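Below is a set of questions and answers for a reader new to this structure. Each answer sets a value against its definition and concludes.

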Amino acid sequence: MGCFWGAESLYGATTGVLRTTVGYAGGTKEGPTYRNLGDHTEVLEIDYDPNVISFKDLLHLFWNNHEYGLTTPIKRQYMSLILYHDEEQKTIAEQSKIEEQIKRSPEVITTEIRAKTNFYPAEDYHQKYRLQGHRDLCDTLNLNSKLLQTSYVATKLNGYLAGVGGFEQFKSEVDTMGLTPTQKEYCNYYVEKNEGQGLYC
Ligand code: MHO
């Protein structure tokens, strides 16, 4: 979809998404890093509750939020890529691509759909990138390497603080996050201020 920072905020604030991890996948190079990606792509791994949001809804967000659009050829690092985890996802993804292609015709969608292989989590400083921009808040959240990849609260805040999801939705869920009054006040201020700002930087 482009740079994975944007994708992580987009999905993080989406109701039904439980946690996200940015990483590298889709290629063959062993142990890729940001500076040495090889043939991998920046991707987002998403854990979600299928009783709350469907794979199809996740795909709807995918098709409509590409940093460079769907039809511009772009280097492998930022290419449009869906990595499915099972046959059911494969069928749904392929069908949704056909529908999307009809809408965009005569332009041709560059998206590739392939089976998920190795996923390599990205370096800590790429995880929850927009949340980590709030240094003082992060210091109080005690996010270690593991939590940067797995924390529900970090996933949500990384989306809301980037302006995704909106202030109303945030207020309806903030009390489930276990924030201190100071953390909550801080987040209220920035979530309201940043609502609707662009995803990609
Ligand atoms: N626009 C960003 C992209 C970083 S990303 C994780 C930059 O140039 O630093 O690919």
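Q: What pattern does the protein chain follow when read along the sequence?
A: The pattern is α-β-β-α-β-α-β-β-α-α-α-α-α-α. The chain belongs to a predicted model, and its secondary structure comes to nine helices and five strands.

Q: Why does Pro-50 count as exposed?
A: Exposed means over 50% relative accessible area. Pro-50 has 58% relative accessibility, so it counts as exposed. Pro-50 is in the loop between strand E2 (41-48) and helix H2 (55-63). The C-alpha atom of Pro-50 is separated by 14 Å from that of His-85, which is 35 residues apart from it along the chain.

Q: Why does Lys-128 count as buried?
A: The cut-off for buried is under 20% relative accessible area. Lys-128 is at 0%, so it counts as buried. This residue sits in the loop between strand E5 (119-121) and helix H4 (129-132).

Q: What makes the phi of Lys-128 worth a remark?
A: Most residues other than glycine have a negative phi. Lys-128 is not a glycine, yet its phi is positive, at about 50 degrees.

Q: Is Asn-142 buried or exposed, and how do you know?
A: The relative accessible area of Asn-142 is 60%, and exposed means over 50%, so Asn-142 is exposed. Asn-142 lies in the loop between helix H5 (135-141) and helix H6 (145-150). Its phi is near 50 degrees, a positive value in a residue other than glycine.

Q: What kind of peptide bond joins Ser-105 and Pro-106?
A: Most peptide bonds are trans. The one between Ser-105 and Pro-106 is cis, with omega about 10 degrees. Pro-106 is in the loop between helix H3 (87-104) and strand E4 (112-115).

Q: Which residues does the UniProt annotation "domain: Selenoprotein methionine sulfoxide reductase A helical" cover?
A: This annotation, from an unreviewed entry, covers residues 143-186. In the model, residues 143-186 are 64% helix and 0% strand. UniProt also lists residues 1-138 for "domain: Peptide methionine sulphoxide reductase MsrA", again from an unreviewed entry. Residues 1-138 are 32% helix and 20% strand.

Definitions and conventions: Residues are numbered from 1 along each chain as its sequence is written. This is a predicted model: local features need pLDDT of at least 70, side-chain atom pairs count only at pLDDT 80 or more; totals for chains, interfaces and linings use all residues. Side-chain values use heavy atoms; hydrogens and water are left out. Helices (H or I, at least four residues) and strands (E, at least two) are DSSP runs, numbered from the N terminus. UniProt positions are given in the numbering used here, feature names are shortened, and annotations may be inferred rather than shown by experiment. Buried means under 20% relative accessible area, exposed over 50%, partly exposed in between (1.4 Å probe, protein chains only).
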